[in-house]
Amino acid sequence: MKRWFLLCLAIMACLSARSGGTGSLQELFFNAGTDAGIRKFYQAAQGAGDSQALTRAYKGAATAMYAGVASSVADKLSYFRAGRKLLESAVQQDPDHAEIRFLRLAVQVKAPGILGYSGDIRTDADFIIRALEQGRVSSGTAFWKQAVSFMLGSGGLTAAEKQRLQKMQ
């Protein structure tokens, strides 16, 4: 009976990981500040499907971030390009999704300048701030509290953008 219970738990865990839910991916994203955190986020994202734009965006963010822990320069560039492609595909599929736009913003803000992936920071920041100001997303949720905090500390916002965001804290 005990084995059956453990088997059922394992199956439920696998099914929930593949269900397209993004709650754990959100948490893993914000906990990816270390090499171990990045690896864990990447592994979880690879297990998620990519038929939905949001899960594809998380997979893209995780893949781009994984470039930072890859061993060779060629691997780093390969992971980053693959992640960028997934992120851009997600934005193209659902351009009005603030969480997807936040993920792209986060990757662009942290990407090394030499990669030339920073062209959407202003438009994504403005889109996200307007979504928060207009109540299209709730600044009171745990995700958006962390996202706003990340944006304020990222160094990628203008003074005016920071002021607008600080009003929502």
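Lys59 is in contact (heavy atoms within 4.5 Å) with Ala45, Gln46, Ala48, Asp50 and Leu86, residues up to four places away in sequence not being counted. Lys59 belongs to helix α4, where helices (H or I, at least four residues) and strands (E, at least two) are DSSP runs numbered from the N terminus. With a relative accessibility of 14%, Lys59 counts as buried; buried denotes under 20% relative accessible area, exposed over 50%, and partly exposed the range in between (1.4 Å probe, protein chains only). The model is predicted, so that local features require pLDDT of at least 70 and side-chain atom pairs count only at pLDDT 80 or more, whereas totals for chains, interfaces and linings use all residues. Residues are numbered from 1 along each chain as its sequence is written, and side-chain values use heavy atoms, with hydrogens and water left out.

Leu86, one of the residues touched by Lys59, is located in helix α5. The contacts of Leu86 beyond four places in sequence are Asp50, Arg56, Lys59, Gly60 and Thr63.

The protein contains nine helices and zero strands. Of its 169 residues, 42% are buried. Among contacts with a separation of 6 or more, 55% join residues 24 or more positions apart.

The largest nonpolar core comprises 51 residues, and Phe41, Phe102, Trp144 and Leu165 have the most contacts inside it. Such a core is a set of buried Ala, Val, Leu, Ile, Met, Phe, Trp, Tyr and Cys residues joined through side-chain atoms within 4.5 Å. Two or more residues of this core come from each of α2 (23-30), α3 (35-47), α4 (53-66), α5 (73-93), α6 (98-110), α7 (121-133) and α8 (142-153). Beyond its neighbours within four places in sequence, Trp144 contacts Ala98, Glu99, Phe102, Ile128, Leu132, Val137, Ser138 and Ser139.

The axes of α6 and α7 come within 9 Å and cross at roughly 140°; axes are lines fitted to C-alpha atoms, for helices over the stretch in contact, with angles from 0 to 180 degrees between N-to-C directions. The two helices, α6 and α7, are therefore oblique to each other, given that angles under 35 degrees count as roughly parallel, over 145 as roughly antiparallel, 65 to 115 as roughly perpendicular and the rest as oblique. The crossing of α6 past α7 is left-handed, a term for a near helix turned anticlockwise from the far one by less than a right angle, clockwise being right-handed. On the α6 side, Ala98, Arg101, Phe102, Arg104, Leu105, Gln108 and Val109 meet Ile121, Thr123, Asp124, Ala125, Phe127, Ile128 and Ala131 of α7. The residues of this contact comprise nine nonpolar, two polar and three charged, with Ala, Val, Leu, Ile, Met, Phe, Trp, Tyr, Cys and Pro taken as nonpolar, Asp, Glu, Lys and Arg as charged, and the others, Gly among them, as polar.

Val109 of α6 is buried at a relative accessible area of 18%.

The axes of α6 and α8 come within 11 Å and cross at roughly 30°, which makes α6 roughly parallel to α8. This crossing of α6 and α8 is left-handed.
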